[in-house]
Amino acid sequence: MSKIADNHCHETVLVLQGGGSLGAYECGVYKAVDKLKIKCDIVAGTSIGGINAAIISGSKSGKASEDLENFWFTLAETVTPFYLPEKMRQIAASSYSAIWGNPNAFVPVWFGPSVVQSYNSPFLYDITPLKKTLEEYVDFSKLGSSGRPRLVITSVDVQTSKRCIFDSKKDVITAKHVIAVAGYPFYGISWTKVDNKYLWDGTLLSNTPLSEVIEISPYCDKNVIVVNLFPQNQEKLPTNLIESWHRARDIMHTAKTDQTVKLSKIISRYLLIIKKMHHILESDEINKKKIQEMESEYQELIRAHGGIIKQIVRVERNENIPFLFEDADFSLQTIKDLITAGEKDAMKALSNFGKHSTDDKIH
């Protein structure tokens, strides 16, 4: 009997979406993951999710939860008054970010040395300051080392539209690689040149890099935690154009994992049938020669598609007041609120995680 067909490995995967300042919610989720002592084998993300994932995997102090929270307090701005109502605070804080940028993450080109030429620039904000901030919290030499979660981050090639995956198991990942996954052009964030490629935010192709995780680790069965920064469901219909754009943005960026899970289950059913046929042929003396001929192809198929998603839990952020530029609100009060909400939601959603495998209902 084929050993490889019967002895799957198992991995716990944390998938983090992109979403600007909403990434503070993911910080709260990871605080809950840490408190619940859930050991992540792979942490994957794109955009701000990739930034968070890099800090979790490469935590300089070895206390990833603390480093991640301190990183978010470093990005938080204290100019916007905390006592403003939520909607007013969102408007004030996002306007502040648009004009002044964030000194620890991105700076406007109009504050640079070439102010005259900035009007014709392909981007509005330089993301270089984020590289320096990351280096305060990430020990890049520890990425891929034993005892650390495997880091998987995604970006897209500006010129070819092709996906670029950086994997700490195979690649030497630096701060430059990490900021390359966060250049979101629709907010005017610059691209980053890495290995003669000009890279933008992986969100342009997929904001939830679960299929990329399956691609780089196809054999192991997986228990998955997906953080949804953009609500999948919204009962109230938009009442104006701005709210329509907001809802459309949510739909574009929300987790589209159902199809990935469904495909994984379909493949697993096919493999199970093939496995049974393989064992029947293997027990038949007449067919032993035939089974030997197809053995290598069978083993390759199992290795390439053998893993299935055993359990998937979605931790989803809810919002009281829809606002189109909520992901540009870096005010300290909002960052604190997001971290608190992420931890609270995750503690509830993950209370039974890993204790049993659930079968998501996919329609």
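Mentor: Let's start with what counts as a pocket: on a 1 Å grid over the protein atoms alone, a pocket is an open set of points with protein on both sides within 12 Å along at least five of seven lines, a cavity is a set of points where a 1.4 Å probe fits but cannot get out, and lining residues have an atom within 4 Å of a point. Two or more lining residues come from each of α2 (48-58), α3 (64-75), α4 (86-100) and α8 (241-253); helices here are DSSP runs of H or I with at least four residues, strands are E runs with at least two, and both are numbered from the N terminus. Of these, α8 gives the largest share, 5 residues.

Before going on, a caveat: this is a predicted model, where local features need pLDDT of at least 70 and side-chain atom pairs count only at pLDDT 80 or more, while totals for chains, interfaces and linings use all residues. Residues are numbered from 1 along each chain as its sequence is written, and side-chain values use heavy atoms, with hydrogens and water left out.

Back to the pocket. Its volume is about 790 Å³, that is, the space filled by probe spheres set on grid points joined across faces, edges and corners. The lining splits into 24 nonpolar, 9 polar and 3 charged residues.

Around it sit Ile214, Pro218, Cys220, Lys222, Ser264, Gly307, Ile308 and Ile309, which sort into 5 nonpolar, 2 polar and 1 charged.

One of those lining residues, Cys220, is also bonded to Cys9 through a disulfide, S to S 1.7 Å; the cut-off for calling one is a pair of cysteine sulfur atoms within 2.5 Å. Cys9 comes in the segment before β1 (10-16) and Cys220 in the loop between α7 (210-216) and β9 (221-228), so the bond ties parts 211 residues apart in sequence. The S-S torsion is about -90 degrees, so this disulfide is left-handed. Cys220 is buried at 10% relative accessible area, whereas Cys9 is partly exposed at 29% (buried is under 20%, exposed over 50%, partly exposed in between, with a 1.4 Å probe and protein chains only).

Definitions and conventions. Ala, Val, Leu, Ile, Met, Phe, Trp, Tyr, Cys and Pro count as nonpolar, Asp, Glu, Lys and Arg as charged, and the others, Gly among them, as polar.
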